[in-house]
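Me: I have a model open and want to learn how to read it. Can you take me through it feature by feature?

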Amino acid sequence: MRSTNDKQHNLDQVKTIVEKAKSQNASVVFFPECCDYVGSSREETLKLSEPLTGETVGEYRKLAKDSNVWLSLGGVHEAIPDDASKIYNTHLLVDNQGQIVAKYSKLHMFNVITPEFKFRESEMVRSGGELVPPVDSPIGKIGLQICYDVRFSEASTLLRKQGAEVLTYPSAFAVSTGKAHWEVLLRARAIENQCFVIAAAQIGFHNKKRESYGHAMIVDPWGKILGEAGQQDLDVVIAELDFDKLANVRQNMPCFDHRREDVYNLSYVKGTARAETSGSKYNFGGIDIPQDNVFYTSEHSFAFVNIRCVVPGHVLVSTRRSAPRLPDLSPAEINDFFQTVCKVQRVAERLYAASSTTVTVQDGPDAGQTIRQVHCHVLPRRAGDFPENDQIYGELQRHDKEPERPARSKEEMGQEAATFRAEFARMGL
């Protein structure tokens, strides 16, 4: 499509594309970056932005429901309530009931100088703070990215490690860089991650100063181009994704089994302090931990409140995988686990006005481990909380066995987890 600063005209284009795709039995329709509009200046771009509760996103949601299709809206200009000078570049995934099931704010800012042009996206766009885990959809697990993100393979690899089967790169790619790199980058991301890649694209002149390359493309896990849009406006490319082929590619060339995690690894630096999608499972040594009790998750770890506390704020961090001992963890898991522990410690000390923290891993039965899954106790400490400082270790050894220390209520634990989540968000962790 060819977005301009006329939002109604752009919405009409979106509706036309949905109608064309629906006539060919599409179940998910992908739109490019800036599908809502392309401003002719920084001032106009900021002025036209809306919150996600605004009229434009409302129209998208109604369209998805009325058409009974999912929509990937690859980059809308999301207004930021507390900052009139910046917006988010946000990728929305809307289901066929009109519900927003995922939102991702672009991580990498397009600040570049080439012989043909210069562009500084960060002057009006605030970069996002995290990757969004792949989302279940009618065409598999979708990993959300936007345009310039395609040049950063680490992000796509982390999405694949979290289960992505489809990677999306909705774009408004510049013409000069598009001619040089567009197809190469998309096929590379498909091949190295053994995923389908879907890249909707803007095309042509949006105004006197800005032109996009076009060539919207669908690529399979072997790097084969399944479809490419022509050079005309409102062209729609349809493909049926063959998941038997995806499975065969991954089985016959199991690249992700061959990764040398002992030499190099990728793990998330930032987790999430919000509730995950419905159905997320947290198991701790055979015990199901309610989602309401989990206040932080990362790629390999999760943190949750304790049913019996030795001191106020006594919480636990566990690995996601059921590994019994620290030496059983991979380098990536160890790195992620202790990074999570440090973040939880910072938040716990802030919440409980603590000056110090006892951080302890009971690694093996003879060290006091009763749950055979790697975990860490984080206990905020204040001066004088025990007559003898090391008394805390004896209390910890007995804390889940003493009948005089009753289990806390679900309500109390849920409230504490909510308080932790709020503080994580406030501290930007």
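This is a predicted model: local features need pLDDT of at least 70, side-chain atom pairs count only at pLDDT 80 or more; totals for chains, interfaces and linings use all residues.

Me: Which order do the strands of the four-stranded open sheet have?

Reply: Start with the general idea. Strands of a sheet pair through backbone hydrogen bonds, either parallel or antiparallel. Here the order is 1-2-3-4, and the pairing is mixed. Strand 1 and strand 4 are the edges; each has a single partner strand, so one side of each lacks a neighbour in the sheet. From one strand to the next, the twist averages 30°.

Me: How many bridges join strand 1 to strand 2?

Reply: Four, and the two strands run parallel. Find valine 28: its bridge partner in strand 2 is tryptophan 70. Helix 1 (residues 7-23) packs on the sheet and touches strand 1 and strand 2.

Me: What span should helix 7 have?

Reply: At 1.5 Å a residue, its 21 residues should span 30 Å; the end C-alpha atoms lie 31 Å apart, which agrees.

Me: Which residues of helix 7 are buried?

Reply: An α-helix has 3.6 residues a turn, so residues three or four places apart point the same way. In helix 7, the buried residues include Phe337, Thr340, Val344 and Val347. Among the elements covering the buried residues are strand 19 (315-319) and helix 9 (410-427).

Me: Which residues touch the most other members of the largest nonpolar core?

Reply: In soluble globular proteins, nonpolar side chains tend to be buried together. This core has 39 residues, and Trp182 and Leu186 touch the most other members. Apart from it lies another core of 23 residues, including Phe31 and Leu52.

Conventions:
Residues are numbered from 1 along each chain as its sequence is written. Side-chain values use heavy atoms; hydrogens and water are left out. A nonpolar core is a set of buried Ala, Val, Leu, Ile, Met, Phe, Trp, Tyr and Cys residues joined through side-chain atoms within 4.5 Å. Buried means under 20% relative accessible area, exposed over 50%, partly exposed in between (1.4 Å probe, protein chains only). The expected span of a helix is 1.5 Å times one less than its number of residues. Contact means heavy atoms within 4.5 Å. Two strands pair if DSSP finds at least two bridges between them. Axes are lines fitted to C-alpha atoms, for helices over the stretch in contact, and angles run from 0 to 180 degrees between N-to-C directions.
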